[in-house]
Amino acid sequence: MAVRLVLFALLLGALPALYFAVRVGAIMRRRGLVGAVKEPALSQGEPTLLFFTGEHCTTCRYRQKPAIESLRRDLAGLRVLEIDAAREDRLARRFRVLSLPTTVLLGSDGRVGAVNYGFAPGDQLRAQLAGLA
């Protein structure tokens, strides 16, 4: 009986997080963040990765940054912009940065191809970049 109660409690804790993730995705699609031209000046005619980070973000420093550096070495045509979300709060709001790290992939035309909240492995970013082409 105790095991069932624990599993039920865990399920109840996971449901709000799942609901929030689904709602955020739906809101972003409805408001036009994914696929909309937001900052064509940032892309400058080549695929661009916006890496929103922060001074005290350990996940940014020890997990996301090495993954991005590896990706940068492998893909010569990729432009990476590291952006401090606290200092560039206007830009962070424009791309609806909810947590750190956040990566935003822009196509060569400036359209947002993908937004990743939290750590995004290099393989995931590679696949998303392939989808932009």
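Guide: Start with β2, which is mostly covered: five of its six residues are buried. Buried means under 20% relative accessible area, exposed over 50%, and partly exposed in between, with a 1.4 Å probe and protein chains only. Strands (E, at least two residues) and helices (H or I, at least four) are DSSP runs, numbered from the N terminus.

Visitor: Before we go on, what am I looking at here, and how is it numbered?
Guide: This is a predicted model: local features need pLDDT of at least 70, side-chain atom pairs count only at pLDDT 80 or more, and totals for chains, interfaces and linings use all residues. Residues are numbered from 1 along each chain as its sequence is written, and side-chain values use heavy atoms, with hydrogens and water left out.

Visitor: What's the mean pLDDT of the protein?
Guide: The mean is 81, and 68% of the residues reach 70 or more. pLDDT is the predictor's confidence in each residue, from 0 to 100.

Visitor: Which elements have the lowest and highest mean pLDDT?
Guide: Helix α1, residues 2-31, has the lowest, at 55. Strand β1 has the highest, at 96.

Visitor: How many helices and strands are there?
Guide: Five helices and four strands. Along the sequence they follow the pattern α-α-β-α-β-α-β-β-α.

Visitor: Back to β2. Which way does it run against β1?
Guide: β1 and β2 run parallel, joined by six bridges. Two strands pair if DSSP finds at least two bridges between them. In this pair, Phe 51 has Glu 82 of β2 as its bridge partner.

Visitor: And how do β1 and β3 pair?
Guide: In the antiparallel sense, over five bridges. Leu 50 has Val 104 of β3 as its bridge partner.

Visitor: What about β3 and β4?
Guide: They run antiparallel too, with five bridges joining them. Leu 106 stands opposite Val 112 of β4. The two strands form a hairpin with five residues between them. Gly 110, in the turn, has a positive phi of about 90°.

Visitor: Is β3 buried or exposed?
Guide: Mostly covered: five of its five residues are buried.

Visitor: Which way do its residues point?
Guide: Thr 102, Val 104 and Leu 106 point one way, and Thr 103 and Leu 105 point the other. In a regular strand, side chains alternate between the two faces of the sheet.

Visitor: Which residues touch the most others in the largest nonpolar core?
Guide: That core has 14 residues, and Leu 42, Leu 50, Phe 52, Phe 95, Val 104 and Leu 106 touch the most other members. A nonpolar core is a set of buried Ala, Val, Leu, Ile, Met, Phe, Trp, Tyr and Cys residues joined through side-chain atoms within 4.5 Å. β1 (48-53), β2 (79-84), α4 (89-94), β3 (102-106) and β4 each supply at least two residues of this core. Apart from it lies another core, of 13 residues, among them Cys 60, Ala 114, Ala 120 and Leu 129.

Visitor: What is Val 104 in contact with?
Guide: Leaving aside neighbours within four places in sequence, its contacts include Thr 48, Leu 50, Phe 95 and Val 112. Contact means heavy atoms within 4.5 Å.

Visitor: New topic. How many disulfides are there?
Guide: A search of the whole structure finds one. A disulfide is a pair of cysteine sulfur atoms within 2.5 Å. Cys 57 and Cys 60 form it, with their sulfur atoms 2.2 Å apart. Their link is right-handed, with 80° about the S-S bond.

Visitor: Why does Cys 57 count as buried?
Guide: Because its relative accessibility is 10%. Cys 60 is buried as well, with a relative accessible area of 2%.

Visitor: Last one. Where does Asn 116 lie?
Guide: In strand β4, residues 112-117. Asn 116 counts as buried because its relative accessibility is 5%.

Visitor: What does its side chain make a polar contact with?
Guide: With the side chain of Gln 124, at 2.9 Å. A polar contact is a pair of N or O atoms within 3.5 Å; within protein, one must be able to donate a hydrogen and the other to accept it, and residues adjacent in sequence count only if both atoms are side-chain atoms.
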